[in-house]
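Below are some notes for a colleague who is opening this model for the first time. Please read them with the structure in view.

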Amino acid sequence: MSRSVYVALVRHAPTAWNADGRARGRADIPLSPGGRARLARWRLPADLAALHAAGRLGWAASPLQRTVATADGLGVARPALDGRLMERDYGTWTGQRLADLDDALARGGWDHRPPGGESPADVLARVRAWLDELAGSGLETWLAVTHRGVIRVLLAAAIGWDLRAPEPLRLLPERLHRIRRRGDGLLQLVTLNEPLTDPPDP
């Protein structure tokens, strides 16, 4: 049995395709000006900020520019880039409006695969391999800047959701989620939707 590791999951800041409601997938879309403005307001939770200051927080990111820019905005210019943290490959669905894909996405499930793309099971397999490597890294806590599709499959695996509608939880924007990869390899949800922005002034 390996040791457990805790991972905080952060979705990248907004892009123009987010605003248009398009499936981004592997398309290397930059942050929009509005996304960069939102990112400037993000702050790590106090415990993670303290670990970062002490050099005890590992940083990883998908190699797409929107995630690298988000990590930089959070204070890390050189996170460990790993292709296993990339967004799900949506194949021929890339660039299409999500509203037009609602029926196909709702039928979903772990083995549903868009033409030329990946299934959620494919995504989970590659991200699990990354988590298994973290267990031998020497650091107990990591922060990964990644994508909604990656976060969604990890949380689904942690709570035993089959990825079919209706969704038992809602991923809110500008939030951080924590999971634990236990020593036996099982995933546990630790926290959901921790705010990354300061509360509004009264």
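Which residues lie nearest the centre of the second largest pocket?

1. Basis of the notes. This is a predicted model, where local features need pLDDT of at least 70, side-chain atom pairs count only at pLDDT 80 or more, and totals for chains, interfaces and linings use all residues. Residues are numbered from 1 along each chain as its sequence is written, and side-chain values use heavy atoms, with hydrogens and water left out.

2. The second largest pocket. Arg11, His12, Leu172, Pro173 and Glu174 lie nearest the centre, within a lining of 15 residues. (On a 1 Å grid over the protein atoms alone, a pocket is an open set of points with protein on both sides within 12 Å along at least five of seven lines, a cavity is a set of points where a 1.4 Å probe fits but cannot get out, and lining residues have an atom within 4 Å of a point.) The space in this pocket is about 260 Å³, a volume being the space filled by probe spheres set on the points, with grid points joined across faces, edges and corners.

3. At least two lining residues come from each of α7 (148-159) and β5 (175-181); helices (H or I, at least four residues) and strands (E, at least two) are DSSP runs, numbered from the N terminus. By class the lining has 7 nonpolar, 3 polar and 5 charged residues. Here Ala, Val, Leu, Ile, Met, Phe, Trp, Tyr, Cys and Pro count as nonpolar, Asp, Glu, Lys and Arg as charged, and the others, Gly among them, as polar.

4. The cavity. Searching the whole structure gives 1 cavity of 30 Å³ or more. The largest cavity holds about 30 Å³ of space, and its lining consists of Arg152, Leu155, Ala156, Trp161, Glu167, Leu169 and Leu171. Of these residues, 5 are nonpolar and 2 charged, with no polar ones.

5. The sheet. Six strands form an open sheet in the order β3-β2-β4-β1-β5-β6, with mixed pairing. β3 and β6 (187-195) are at the edges with a single partner strand each, so one side of each has no neighbour in the sheet. Two strands pair if DSSP finds at least two bridges between them.

6. Strand β2. In β2 (residues 57-61), 5 of 5 residues are buried, meaning under 20% relative accessible area, while exposed is over 50% and partly exposed lies in between (1.4 Å probe, protein chains only). Leu57, Trp59 and Ala61 are on one side, and Gly58 and Ala60 on the other. β2 runs parallel to β4 (residues 141-146), with 5 bridges, and alanine 60 stands opposite alanine 144 there. It also runs parallel to β3 (residues 80-81), with 2 bridges; the bridge partner of alanine 60 in β3 is alanine 80.

7. Strand β1. What encloses β1 is the rest of the structure, and largely so, because 5 of its 7 residues are buried. β1 and β5 are antiparallel and joined by 6 bridges, with valine 7 opposite isoleucine 179. β1 and β4 pair in the parallel sense, also over 6 bridges, and arginine 11 has threonine 146 of β4 as its bridge partner.

8. Serine 4. This residue is in the segment before β1 (5-11). Why is serine 4 classed as buried? Serine 4 is buried because its relative accessible area is 18%. Leaving aside residues up to four places away in sequence, serine 4 touches Glu140, Arg180, Arg181, Arg182 and Gly183, where contact means heavy atoms within 4.5 Å.
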